[in-house]
There are 2 protein chains.
Amino acid sequence: MSKESTSRTRKPKRGQTREALMAAALDLVVKKAPFSALSLREVTKKAGVVPTAFYRHFPDMSALGLTLLDESFRTLRHMMRQVRQEELPNERMLRGSLEVYFNYVRNNRAHFLFVSKELAGGTPTMRNAIRREIRMFTNELAMDMARFPFLNHVNAEDLQMMAGLVVNNVTALTQEMLELEEDDEFGQNQVLGTAEKQLRLIYFGVGMWKSKPDQ
Amino acid sequence: MSKESTSRTRKPKRGQTREALMAAALDLVVKKAPFSALSLREVTKKAGVVPTAFYRHFPDMSALGLTLLDESFRTLRHMMRQVRQEELPNERMLRGSLEVYFNYVRNNRAHFLFVSKELAGGTPTMRNAIRREIRMFTNELAMDMARFPFLNHVNAEDLQMMAGLVVNNVTALTQEMLELEEDDEFGQNQVLGTAEKQLRLIYFGVGMWKSKPDQ
DNA sequence: CGTTTTCGTCAACACCTGTACACACAATTT
DNA sequence: AAATTGTGTGTACAGGTGTTGACGAAAACG
């Protein structure tokens with residue numbers, strides 16, 4: 001047991017180093033700084049791997065970032081699709097949907113923090129990718145609203161405007177949520193309550209809305 | 001003219017280096033990266049000054065950041081106060097207020113970009129300072145709304161909720177505005193138009209709102 | 001079994017980072 | 001006029017950065 005060839009090149013780890021790198025980056029985002037401020041070396045260090053090993057899995061940091069982004073939104077899209085499949089939107093299901101959503105946020109805090117910080121502060125590539133995803137959610141929401149009999153008389157542009165209003169607010173409330181401590185249940189319930197009221201108010205406004213028929 | 005003692009220590013510049021440092025940092029934020037990603041050295045380089053000169057004006061970069069933040073909000077507060085002094089809010093003045101605001105954003109693009117990027121990605125100190133300012137605006141808006149006869153029956157908590165709704169949206173729209181090119185007047189008008197509709201919709205919702213009297 | 005591919009390691013590089021220090025000139029105060 | 005304070009400069013250092021290259025062991029494949 002004393003002699004073991006060179007004794008320092010023995011860590012196969014199969015395909016798990018890649019995951020370790022992503023997890024390390026995500027963890028640093030939560031505890032330290034926005035992703036754009038992380039260095040390749042500290043990520044590999046946290047992943048328990050030598051710096052050059054990084055290149056076996058990603059060409060550079062920005063590639064890691066885009067992978068992380070993809071991971072973040074893939075699961076989020078999945079959840080949204082499930083919520084969408086339920087009945088048509090109405091006032092009653094509002095609270096339930098919000099609870100599902102914010103619960104998901106809490107269970108994926110790291111990913112949301114990552115996205116939130118890069119939304120304004122990331123590279124142009126990153127920002128555009130995120131904004132594209134958000135726009136997609138807005139479009140889907142607008143399509144759902146279009147199927148709502150209540151809104152037959154609202155034209156497409158106004159539906160988009162309304163969906164944007166909702167998404168803007170949910171985004172802002174999500175960021176507010178992320179600023180709270182993980183165990184601050186009181187604060188979290190408060191945000192949830194505010195969210196419900198705000199969306200209900202929007203719901204009222206939507207009911208009053210009259211689109212110009214020609215525009 | 002050939003001999004001039006040492007010939008390289010002659011740049012008094014009085015008190016203008018400080019401003020040069022702030023301007024350089026702001027410029028780098030617009031053209032390069034969020035403030036938190038700037039290095040002391042590149043700021044001094046852009047300001048045309050040697051790195052160590054930095055310490056004559058700020059103890060470190062984060063002090064520069066806080067000064068920049070103060071500058072950003074001092075002028076913004078000033079503008080807001082002027083808008084606030086006008087007549088009570090009503091539907092007619094909506095467009096005008098939005099035009100004033102977004103025009104101000106366009107004329108202070110660098111400051112808003114700086115704030116926007118630090119809001120989510122800055123140090124905790126920075127983030128809290130910004131969020132405190134935003135909360136202040138929300139409070140002032142809620143107070144203005146309280147003086148609106150139309151809203152006599154709305155309790156304080158709900159006023160806060162409504163003001164938050166407005167501020168959340170204006171914040172999001174501001175960031176959307178900042179993503180546009182400076183000369184993209186079409187896009188800017190589009191955002192302005194959307195903003196007007198969204199706030200009008202909120203206005204409708206506010207009109208329908210009924211507070212629980214006891215809560 | 002032997003061969004090839006995958007993947008982690010080490011050493012080294014050129015560069016950038018914040019900051020300490022001593023120095024020199026300018027402005028201001030005495 | 002002399003002394004003090006303010007402000008910009010050059011040098012220097014220790015440490016962090018991304019990336020190259022050659023090396024070797026483990027895993028996958030034949």
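Contact here means heavy atoms within 4.5 Å. Keep that cut-off in your selection tool, and remember that the model is predicted.

**Stop 1: the two chains**

Select chain B, then chain A. By that cut-off, 33 residues of chain B are in contact with 33 residues of chain A. Together the two chains bury about 2900 Å², and carbon and sulfur atoms give 63% of that area.

**Stop 2: charges across the chain interface**

How many salt bridges does the rule find across the interface of chain B and chain A? There are 6. For polar contacts, the count between chain B and chain A is 8 residue pairs, both residues at pLDDT 80 or more.

**Stop 3: the helices of chain B**

Now show chain B as a cartoon. Select α5 (109-121), α6 (124-146), α7 (156-179) and α8 (185-208). Each supplies at least two residues of the side that touches chain A. Which element gives the largest share of that side? It is α7(B), with 13 residues. Colour the chain B side by class: 14 residues are nonpolar, 10 polar and 9 charged.

**Stop 4: inside chain A**

Colour chain A by domain: the assignment gives domain 1 as 13-58 and domain 2 as 62-208. Over C-alpha atoms, the centres of these two domains of chain A are 29 Å apart. In chain A, 14 residues of domain 1 are in contact with 16 residues of domain 2. The buried area between domain 1 and domain 2 of chain A is about 1200 Å², with 80% from carbon and sulfur atoms. Select A:M22, A:L26 and A:F35 in domain 1. They lose the most area to domain 2 of chain A, together 47% of what the domain 1 side buries.

**Stop 5: what lines the domain interface**

Look for charge pairs between domain 1 and domain 2 of chain A. The rule finds 0 salt bridges there. Polar contacts between these domains of chain A number 3 residue pairs, both residues at pLDDT 80 or more. Next, select helix α1 of chain A, residues 16-31. This helix gives the most to the domain 1 side that touches domain 2 of chain A, with 7 residues. Finish with a class colouring of that domain 1 side in chain A: 12 nonpolar, 1 polar and 1 charged residues.

Methods. Residues are numbered from 1 along each chain as its sequence is written. Chains are lettered from A and ligands numbered from 1 in the order in which they are written. This is a predicted model: local features need pLDDT of at least 70, side-chain atom pairs count only at pLDDT 80 or more; totals for chains, interfaces and linings use all residues. Side-chain values use heavy atoms; hydrogens and water are left out. Domain bounds come from an automatic or database domain assignment. Buried area is the accessible area (1.4 Å probe) that two parts lose on being put together, summed over both. A salt bridge is a side-chain nitrogen of Lys or Arg within 4 Å of a carboxyl oxygen of Asp or Glu. A polar contact is a pair of N or O atoms within 3.5 Å; within protein, one must be able to donate a hydrogen and the other to accept it, and residues adjacent in sequence count only if both atoms are side-chain atoms. Helices (H or I, at least four residues) and strands (E, at least two) are DSSP runs, numbered from the N terminus. Ala, Val, Leu, Ile, Met, Phe, Trp, Tyr, Cys and Pro count as nonpolar, Asp, Glu, Lys and Arg as charged, and the others, Gly among them, as polar.
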